[in-house]
Amino acid sequence: MSYLVISFSHKNIDIKQREKLAFNGEDEKSRFIKKLLEFESTKELVLLSTCNRVEIIGKSSNIKQSSKNILENLSSYSNLSYDFLYDRADIYDGDIAVHHLFSVASALDSLVIGETQIVGQLKDAFRFSQSLGFCDQSISRVMHYAFKCAAQVRTATSLGTGSVSVASTAVAKAKELIGDKKGIKALVIGAGTMSELAVKHLLAAGFDVTIISRNIKKAQNLANSFTENIEVKPYDKLEELLEIMPVMITATSAPYPIITQENTPSSSINRYWFDIAVPRDIDEDISMFDLEIYSVDDLQEIVNKNMTQRSAQAKEAYTIVGRNTLEFFDWLKSLDIEPLIKDLYIKGDQIIDKKLENAIKKGYVPKEYEENIKKLCQTIITEYLHNPAKQLKTISRTKHCDLVVSSVQNMFSQNVQEIDYNCEHINKN
C-alpha cells in the first residue's frame with residue numbers, strides 16, 4: 001500500500017481546463033469518490049477542489065491501476081480527454097506524494113505563496129471524506145502530519161502574514177489601478193468564503209463596499225458580520241450596479257458565467273472587474289473599451305512579485321516540509337514497532353501466568369509465594385526484552401524496518417492490531 005496524489009493546478013493546466021475539473025457541490029464529490037472506491041486497488045480517498053487546484057489524495061495497492069482509474073473517471077466527469085489529463089497530471093506516490101501534500105497544506109504550492117485559505121480547505125475536504133467513511137487510518141495519519149507541518153511553517157516563517165490570498169491579490173491590483181484614493185465604490189458578487197475575504201480586504205484598502213447575491217439573506221448576514229457600513233442590494237439590480245461601480249469582484253459558485261455580453265452595460269467610467277471564481281463568473285468573450293477584466297490567472301504578475309519577496313521564507317518552509325516528510329515515515333514505522341513490542345511483553349506475562357498456575361497446581365510452588373515469584377519472573381522478562389525492544393526502535397528508523405517487523409511477527413506468531421489514531425489538528429483553525 002502506498003500514498004497516491006494526483007494533482008491539477010495553475011502549474012499544469014489553465015483556467016479553462018480547471019473550470020471543467022472543478023467540483024461545485026458535495027453531491028458531485030460524493031458520487032465521484034464512491035465511484036473511485038469501487039476499484040479494488042483504491043482504498044481511501046480525499047478530494048480537494050478549489051479555485052486553483054484539484055487534488056485527489058488516496059492510498060493504493062496498485063499505483064498504476066489507481067491512477068488510470070482516477071484519470072478515466074476525471075475524463076468522463078470533465079469531458080477532457082484521458083490523454084490530455086494524463087499528459088498534464090502531476091502524479092505522486094510514496095514519500096513524494098506525502099511531500100507534495102505537505103507542500104500544498106503549507107501553501108507552498110499555491111498561486112499566492114503563503115495564502116491562508118488552503119489549509120482550511122484541505123481540512124474541510126478531509127472532514128467530508130471522513131464523515132462519509134471514504135478514508136480511514138492511513139489518510140488520517142498523513143493528514144495529521146500535513147496540518148502539523150502547515151502549523152510549523154506558519155510559526156517559523158512570515159509566509160502566512162499580510163495579504164496573501166487570491167482575494168487580497170485582486171484588491172491589491174484594484175488599488176494599483178485606481179490609485180491611493182479612499183471611498184471608491186466596489187461591488188462584491190456572492191456571499192461565500194471568497195466573497196467574505198474580498199469584502200475584508202476591500203474595506204482594509206479604503207473601498208466603500210456593496211454586496212449583491214441571489215441569496216439576499218446570506219448577503220445581509222455577511223454584511224452584518226463587519227462593523228463597517230456595507231450596502232446590500234437585491235440581485236435584480238446587478239446590471240445597474242455593473243454600470244456605476246468602478247471596481248467589481250465576483251466569487252460565486254455558479255457553474256456557468258453569470259455576467260455575459262448581453263447583461264454587461266456600457267458605462268461612462270473606467271471599470272475594473274476581477275473574476276476569482278472557478279468556474280469563471282464572467283464570460284471570456286466580453287469586450288468593452290471602458291472595461292478591464294482580470295481572471296485568477298491574470299493575477300500572476302502580483303503573484304510573481306510576492307514570490308520574489310518571499311523566496312527566502314519559502315526556502316525555509318521547504319526545509320520544514322522535507323523534515324516533516326522524513327519524520328512522518330519514521331513515525332509510521334514506530335506505529336508498527338510499538339504494538340509489536342507491547343505484544344512481546346503481553347506474551348511474556350501470559351507465559352508467566354500459565355507456568356506459575358501449573359507449578360502451584362502440581363505443588364512445586366506454595367500458593368503464598370505466587371505474587372513474589374510472579375514479580376521476579378516479570379523482572380526477568382523485562383530485562384530480557386529490554387535490549388531487543390531498544391534495537392527494534394532503532395531499526396524502525398531504517399529501510400529494513402518492514403522486513404524485521406514481519407520476521408518478528410512470524411517468529412512469535414503475532415497478530416498485532418494497528419494503533420487507532422485520530423488527527424488532533426482537524427478541529428484547529
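Buried means under 20% relative accessible area, exposed over 50%, and partly exposed in between, using a 1.4 Å probe on protein chains only. Everything below comes from a predicted model, where local features need pLDDT of at least 70, side-chain atom pairs count only at pLDDT 80 or more, and totals for chains, interfaces and linings use all residues. Residues are numbered from 1 along each chain as its sequence is written, and side-chain values use heavy atoms, with hydrogens and water left out.

View 1. Most residues other than glycine have a negative phi. Asn79 is not a glycine, yet its phi is positive, about 65°. You'll find Asn79 in the loop between helix H3 (63-78) and helix H4 (82-88); helices (H or I, at least four residues) and strands (E, at least two) are DSSP runs, numbered from the N terminus. Asn79 counts as exposed because its relative accessibility is 70%. Ala107, also not a glycine, has a positive phi of about 65° as well. Ala107 belongs to the loop between H5 and H6, and at 3% relative accessibility it counts as buried.

View 2. The expected span is 1.5 Å times one less than the number of residues in the helix. Which residues of H6 are buried? They are Gln117, Ile118, Val119, Leu122, Lys123, Ala125, Phe126, Phe128 and Ser129. Their cover includes helix H2 (26-37), S2, S3, helix H5 (95-105), helix H7 (137-156) and H9, with contact meaning heavy atoms within 4.5 Å. After H6 comes Gly133, with a positive phi near 75°.

**View 3. Helix H9 among its neighbours.** H9 (residues 193-204) has twelve residues and reaches 17 Å from first C-alpha to last, close to the 16 Å expected. Met194, Ser195, Leu197, Ala198, Val199, His201, Leu202 and Leu203 are its buried residues. Among the elements covering them are helix H6 (117-131), helix H8 (166-178), strand S5 (185-189), strand S6 (208-212), helix H10 (216-224) and strand S8 (247-250). Just past H9, Gly206 has a positive phi of about 90°.

View 4. A nonpolar core here is a set of buried Ala, Val, Leu, Ile, Met, Phe, Trp, Tyr and Cys residues joined through side-chain atoms within 4.5 Å. The largest one holds 41 residues, and Val199, Phe207, Phe274 and Ile276 touch the most other members. At least two residues of this core come from each of H8, S5, H9, S6, H10, S8 and S9. Setting aside neighbours within four places in sequence, Phe207 contacts Val171, Ala174, Lys175, Ile184, Ala186, Leu202 and Val247. Apart from this core lies another, of 37 residues, including Ala105, Leu108, Ala150 and Trp331. Lys175 also puts its charged end over the ring of Phe207, 5.4 Å from the centre. A charge sits over a ring if NZ of Lys or CZ of Arg is within 6 Å of the ring centre and within 35 degrees of the ring normal.

**View 5. Aromatic rings in pairs.** Rings of Phe, Tyr and Trp (its six-membered ring) pair if their centres lie within 6.5 Å; planes under 30 degrees apart count as stacked, over 60 as edge-to-face and the rest as tilted. By this rule there are 14 aromatic pairs. Phe274 and Tyr294 make a stacked pair, because their ring centres are 5.1 Å apart and their planes meet at 15°. Phe274 lies in strand S9 (residues 271-275) and Tyr294 in strand S10 (residues 291-295), so the pair ties together parts 20 residues apart in sequence. Phe274 is buried at 1% relative accessible area, and Tyr294 is buried too, at 13%. Elsewhere, ring pairs join Tyr3, Phe102, Tyr145, Phe328, Phe329 and Trp331 into a cluster. Lys59 lies over the face of Tyr3, 4.6 Å from the ring centre.

View 6. UniProt, in an unreviewed entry, lists Cys51 under "active site"; its positions are given in the numbering used here, feature names are shortened, and annotations may be inferred rather than shown by experiment. Cys51 is in the loop between strand S2 (42-49) and strand S3 (53-60). Is Cys51 buried or exposed? At 15% relative accessibility, Cys51 counts as buried. Leaving out residues up to four places away in sequence, Cys51 touches Arg18, Ile276 and Val278. Val278 is joined to Pro279 by a cis peptide bond, with omega about 5°, and Pro279 is in the loop between S9 and S10.
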